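Before you plan work around this model, please read the following points beside the coordinates. They are set out as a colleague's note, one topic to a paragraph.

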Amino acid sequence: MAELGFSEHHQNEVINYMRFARSKRALRLKTVDSCFQDLKDSRLVEETFTVDEVSDMLDGLQVVVHGEVESELIHTAHTNVLLLRQLFSQAEKFYLKLQTDVSELENRELLEQVAEFEKTEFTSSNKKANQEPNKPKLAPLNEGGVSELLNKQILRLQDENEKLKARLRTIESQATSALDEKTKLERALQDLQRIQGDQKLALKNKEITNLEDTVAALRSDFQKTLNASTVTQKNLEENLVATKHDFLKVQEQLTMAEKELEKKFQQTAAYRNMKEMLTKKNDQIKEIRKRLSKYEPDE
């Protein structure tokens, strides 16, 4: 028998749905057949018909068959929605979210597989139904046989129950041991973490102390350097002021020396002779200009 990959329970559910669909399909086909039969009984009463009459009969038959097929397709779609509603409702009770792939509804390979499953299943079901009356029936068991079977079943169940209890005790013991071991490991881990934390804290405190000492030394060196720089700057400023004063004194002395030198130079005989010569030369130039002016034509 062809299989669809379901469990036995779900496969039986699929078979029930197929049986329902087959019955609806057979009923709708009978309805379509009756449409043609009604046309035959009501319209085909004469031996000859015109083209218009035949066209009119076919148009009327088309309307009726179209309505029947459309109604069946709509009904099938609605029943499929109700079937999905049942599945989704059951899934939501267990907080599941189902998904569907509409593209798989046109998968020809899967459709052929479903068709083969339907053909095989219902063909074998018809054969089983036909062979059912020929099968011999089992004879009823007497009271003693039933009691013996029940006692064997009770003993078997009691034995299984004892085995399950022993297994449960073993599992509980193992679980208790595992829990104790887990507790010990957690305590050891906590102790290790505490020791590591103390070591890290001590190391951190030591590093902080070293950093503080280093910062203090740097601050002291910086302060010393700053003080030395301040003293040096003050000395440079004082030296600069003194140098300026000395420069001004030297410049003043130089000016006085130049004036004194010029004064002394003016008092020398060479200076007086040169000055007299320049005066005579200037007088001669004035006299020559005056003579020349007599010979110049009047404008």
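This is a predicted model: local features need pLDDT of at least 70, side-chain atom pairs count only at pLDDT 80 or more; totals for chains, interfaces and linings use all residues.

1. In which helix does Arg25 lie? Arg25 lies in helix H1, where helices (H or I, at least four residues) and strands (E, at least two) are DSSP runs, numbered from the N terminus. With a relative accessible area of 40%, Arg25 counts as partly exposed, on a scale in which buried means under 20% relative accessible area, exposed means over 50%, and partly exposed lies in between, for a 1.4 Å probe and protein chains only.

2. Residues are numbered from 1 along each chain as its sequence is written, and side-chain values use heavy atoms, with hydrogens and water left out.

3. As for the overall fold, the protein chain has 5 helices and 0 strands, and its pattern along the sequence reads α-α-α-α-α. Of the 299 residues of the protein chain, 5% count as buried.

4. Salt bridges deserve a careful look. Side chains of opposite charge can pair when their charged atoms come close; the rule applied here asks for a side-chain nitrogen of Lys or Arg within 4 Å of a carboxyl oxygen of Asp or Glu. The count by this rule comes to 9 salt bridges.

5. Arg28 has two partners to check. Its side chain meets that of Glu68 in a salt bridge, at 2.7 Å from N to O; because Arg28 lies in helix H1 and Glu68 in helix H2, this pair ties together parts that are 40 residues apart in sequence. Arg28 also forms a salt bridge with Glu72, with the closest N and O atoms 2.9 Å apart, and this pair again links distant parts of the chain, Glu72 being in helix H2 and Arg28 in helix H1, 44 residues apart. Arg28 is partly exposed at 24% relative accessibility, whereas Glu72, at 14%, counts as buried.

6. A salt bridge within one helix is also present. Lys163 and Asp159 meet through their side chains at 3.5 Å, N to O, and both lie in helix H4 (residues 143-266), 4 residues apart, which is about one turn of the helix. Lys163 counts as exposed at 55% relative accessibility, while Asp159, at 39%, counts as partly exposed.

7. The largest pocket has a volume of about 2,100 Å³. A pocket here is an open set of points on a 1 Å grid over the protein atoms alone, where a 1.4 Å probe fits, with protein on both sides within 12 Å along at least five of seven lines, and lining residues have an atom within 4 Å of a point; grid points are joined across faces, edges and corners, and the volume is the space filled by probe spheres set on the points. Its lining has 42 residues, with Val14, Tyr17, Asn80, Leu83 and Leu84 nearest the centre. Helices H1 (8-43), H2 (51-93) and H3 (108-131) each supply at least two lining residues, and H2 gives the most, with 15 residues.

8. Tyr17, Leu83 and Leu84 also belong to a nonpolar surface patch of about 810 Å², together with Phe20, Leu87, Phe88, Phe94, Leu96 and Leu98. H1 and H2 are the elements that give two or more residues to this patch, H2 giving the most with 4 residues. Such patches are made of residues with over 30% relative accessible area and no salt bridge, nonpolar side chains (Val, Leu, Ile, Met, Phe, Trp, Tyr) being joined within 5 Å, and the areas come from the Shrake-Rupley method with a 1.4 Å probe. Leu83, placed in helix H2, is partly exposed at 33%.

9. Lastly, please inspect Tyr95, whose phi is near 60°, a positive value in a residue other than glycine. Most residues other than glycine have a negative phi. Tyr95 is placed in the loop between H2 and H3 and counts as exposed, at 77% relative accessibility.

Terms used:
Patches are made of residues with over 30% relative accessible area and no salt bridge: like charges are joined within 9 Å, nonpolar side chains (Val, Leu, Ile, Met, Phe, Trp, Tyr) within 5 Å.
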